[in-house]
Amino acid sequence: MSPRRVPVSRRDRPAKPPLSRAGAVSAALRIMKEEGLERVTMRRLAAELDTGPASLYVYVQNMAELHGAILDELLAGLALPDPDGVGERWREELTGVLTGYTQLLIGQPSLARSILALRPSGPHYVRLVDTLLGLLYAGGVPVAQAAWGVDLLLQHGTATAAEQGARNEAIEAKAEQDAFVEALNDAADGDCPNIARARHELFSGTGGQRLAWMFDAIIAGISTVAVPEPEQPAH
């Protein structure tokens with residue numbers, strides 16, 4: 001009697017891990033870092049996860065939601081202070097958080113441009129908003145001004161990242177910047193007296209100094225300018 005044959009699996013690879021939102025977002029983030037956000041499509045992501053594109057819509061409804069989820073995954077690594085413990089350092093801490101947020105997005109300019117048109121709502125983004133509000137409260141900024149101000153601060157940070165990132169990617173950006181500097185330096189004092197007065201300051205400071213100053217200036221305005229009274233309904 002011949003011995004019984006042991007069954008041999010015909011599978012040439014291990015079982016696929018179950019699909020999940022976290023797994024899809026993690027894969028999308030990896031593709032973005034390695035190949036760019038433009039390559040993060042549902043078809044490309046499905047191929048990465050060894051599934052069909054239709055299966056992904058169970059976890060993310062569209063590309064906008066996926067981009068927001070990618071941002072939230074990045075924000076998990078953004079250090080946030082405890083607003084209750086900052087004391088008089090509230091403005092320094094606030095500027096630091098906003099600078100960190102902006103620099104994070106400068107590294108991903110395509111994502112920054114996408115976020116400009118989105119309303120992110122992931123848990124890490126919500127925590128970022130709560131932290132910014134807390135830091136403004138710690139500085140004595142009235143609630144209404146803080147509430148309006150957070151939107152302004154994040155908008156400027158995101159727009160700055162999108163602009164700077166686009167410049168970093170553009171081949172002709174340095175030539176354009178050099179031409180702009182030359183044009184201002186060559187402007188005749190009599191024709192452009194205000195440029196002449198500020199000529200040595202127009203391009204002074206480092207990128208980091210200018211970024212921090214931008215946020216300091218906006219924070220100063222948020223702290224001192226009251227929001228308008230609610231409009232009364234017409235009778």
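Being four residues apart in helix H2, glutamate 48 and arginine 44 sit about one helical turn from each other. Their side chains meet in a salt bridge, 3.0 Å from N to O; a salt bridge here is a side-chain nitrogen of Lys or Arg within 4 Å of a carboxyl oxygen of Asp or Glu. Keep in mind that this is a predicted model, where local features need pLDDT of at least 70, side-chain atom pairs count only at pLDDT 80 or more, and totals for chains, interfaces and linings use all residues. Residues are numbered from 1 along each chain as its sequence is written, and side-chain values use heavy atoms, with hydrogens and water left out. Helices (H or I, at least four residues) and strands (E, at least two) are DSSP runs, numbered from the N terminus.

**The two sides of H2**

- Helix H2 covers residues 42-49, and its buried residues are Met42, Leu45 and Ala46. They take up an arc of only 100° around the axis, so they are on the same side of H2. (The arc is that of the directions from the helix axis to the C-beta atoms.)
- Buried means under 20% relative accessible area, exposed over 50%, and partly exposed in between, using a 1.4 Å probe and protein chains only.
- On the face turned away from the buried side, H2 carries the exposed residues Arg43 and Ala47.
- What covers the buried residues of H2? The cover includes helix H1 (21-35), helix H3 (53-56) and helix H4 (63-75). Contact means heavy atoms within 4.5 Å.

**Salt bridges**

- A search of the whole structure turns up nine salt bridges.
- Arginine 44 also forms a salt bridge with glutamate 35, with the closest N and O atoms 2.7 Å apart.
- Glutamate 48 is partly exposed, with a relative accessible area of 33%, and glutamate 35 counts as partly exposed at 33% relative accessibility.
- Which residues are linked in a network of salt bridges? They are Arg30, Glu35, Arg39, Arg44 and Glu48.
- In helix H9 (residues 173-186), aspartate 178 and lysine 174 are four residues apart, so about one helical turn separates them. Their side chains meet in a salt bridge of 3.0 Å, N to O.
- Lysine 174 is exposed at 61% relative accessible area, while aspartate 178 is partly exposed at 38%.

**Helices that meet**

- Two packed helices are described by the angle between their axes and the distance between the axes.
- The axes of helix H5 (residues 90-106) and helix H6 (residues 109-116) come within 6 Å and cross at roughly 115°. Axes are lines fitted to C-alpha atoms, for helices over the stretch in contact, and angles run from 0 to 180 degrees between N-to-C directions.
- Tyr101, Leu105 and Ile106 of H5 make this contact with Pro109, Leu111, Ala112 and Ile115 of H6. These residues divide into seven nonpolar, no polar and no charged. (Ala, Val, Leu, Ile, Met, Phe, Trp, Tyr, Cys and Pro count as nonpolar, Asp, Glu, Lys and Arg as charged, and the others, Gly among them, as polar.)

**A buried threonine**

- Threonine 131 lies in helix H7 (residues 123-138) and counts as buried at 5% relative accessibility.
- Leaving aside neighbours within four places in sequence, threonine 131 is in contact with Leu80, Pro81 and Pro83.
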